[in-house]
Amino acid sequence: MNPSLIKEREAFLKRAMALPVIEKPKSNYSCASDGNNSVTSIHRRGPSISPASVSRSLELKPQLQGKFAVLSRIVKYMKQRHLEGDTHPLSVEEILEEAVLHDTPPATVKWLADEALPNNPKIRVTADAKFVFRPRYDIRTRKDLYQLLRRQELKGLGGIYLDDLTESVPEVEKILNSFGDHVIRIVTPHDKKTILFYNDKSFDLNVDEEFKQQWRSVSVEGVHETKIEEYLKRNGISSMSGDRKTFMPIQRKKPGQKRAMNRPVHIKDNEHVNGILEDFSEKLAKTS
């Protein structure tokens, strides 16, 4: 480095160190603003929460979660037990014993026996106050499942959710695969659930390929139904009109029109003036 530049740098540093430094005092406005900010920050914090309320909420939350967690485990256990063929009812103590829930608090046991299990749609209460799993459909075997699907189709009740069959029959997928094309699967677009329909082979029709081609070659897009009906009538083909409804116009009375009184006048009261009163209804009808 050039020695002259080094000397100039050292001289500049000496002059800078020799200059006096004057500190600018803080204004009262800045102090007041700092005080106001501290006050507003205190107000923004809001009311303080007592440690006792926080501890109570933390104590209650695990208890509530524990109650419903026990209920969920019991329902899952009862479902698995039903699928394995154990359908005899159990008491609450027996359920907790078999489900290995020995550390359940007495308050939770009472809640399960009095409220949770009796009001659960997946659990049925027997006459002796015991509990058993309640499936959506009371079926056990492959034959029962086939008859259920066929009965739904014959009565026009629609399809059956696969989830409802999964909790009713063990190995339902294996049984459905054995049915082959007798069962149609449809996946709903809104909830992605599978619905099963029975495929009745008696409704299958053998249609000639030539007729199919002619049917597909006819384009009726944009043509009104009345035009199609007129065309069919001109060619000697009668169209189906059973779904149409005929509406009769309602006959309304004209304003100011009065109904003619054709009934004879019968005197029910004041029979003592029977020979004095006269009936003018016929004369009024002729004049009107």
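**Close-up views of a predicted model**

**View A. E171 lies in the loop that connects α7 (162-166) with α8.** The structure is a predicted model, in which local features require a pLDDT of at least 70 and side-chain atom pairs a pLDDT of 80 or more, whereas totals for chains, interfaces and linings use all residues. Residues are numbered from 1 along each chain as its sequence is written, and side-chain values use heavy atoms, with hydrogens and water left out. Helices (H or I, at least four residues) and strands (E, at least two) are DSSP runs numbered from the N terminus. E171 is not a glycine, yet its phi is positive, at about 55°. Most residues other than glycine have a negative phi. E171 is exposed, with a relative accessible area of 60%; buried means under 20%, exposed over 50% and partly exposed in between (1.4 Å probe, protein chains only).

View B. K192 is exposed, with a relative accessible area of 62%, while K193 is partly exposed at 36%. Leaving aside residues up to four places away in sequence, K193 touches Y161, D163, I186, V187 and T188, where contact means heavy atoms within 4.5 Å. K193 and D163 are 30 residues apart in sequence, and their C-alpha atoms are 8.0 Å apart.

**View C. Strands β3, β5 and β4 form an open antiparallel sheet in that order.** Two strands pair if DSSP finds at least two bridges between them. β3 (160-161) and β4 (183-187) are the edge strands, each with a single partner, so one side of each has no neighbour in the sheet. β4 runs antiparallel to β5 (residues 194-198) and is joined to β5 by five bridges. R185 stands opposite L196 of β5.

**View D. Helices α6 and α8 lie across strands of the sheet.** Helix α6 (residues 142-154) lies across β3, β4 and β5, at about 80° to β5. Helix α8 (residues 172-179) lies across β4 and β5, at about 120° to β4. Axes are lines fitted to C-alpha atoms, for helices over the stretch in contact, and angles run from 0 to 180 degrees between N-to-C directions.

**View E. Helices α6 and α8 pack at about 60°, with their axes 11 Å apart.** R142, L145, Y146 and L149 of α6 meet V172, I175, L176, S178 and F179 of α8. By class, this contact comprises seven nonpolar, one polar and one charged residues; Ala, Val, Leu, Ile, Met, Phe, Trp, Tyr, Cys and Pro count as nonpolar, Asp, Glu, Lys and Arg as charged, and the others, Gly among them, as polar.

**View F. Helix α5 (residues 106-116) has buried residues T108, V109, W111, L112 and A116.** Seen down the axis of α5, these buried residues fall within an arc of 160°, so they line one face of the helix; the arc is that of the directions from the helix axis to the C-beta atoms. P106, A107 and K110 are exposed on the other side of α5.

**View G. Q80 belongs to helix α3 (residues 51-83).** Q80 is partly exposed, with a relative accessible area of 42%. The C-alpha atoms of Q80 and E167 are separated by 8.3 Å, although the two residues are 87 residues apart along the chain.
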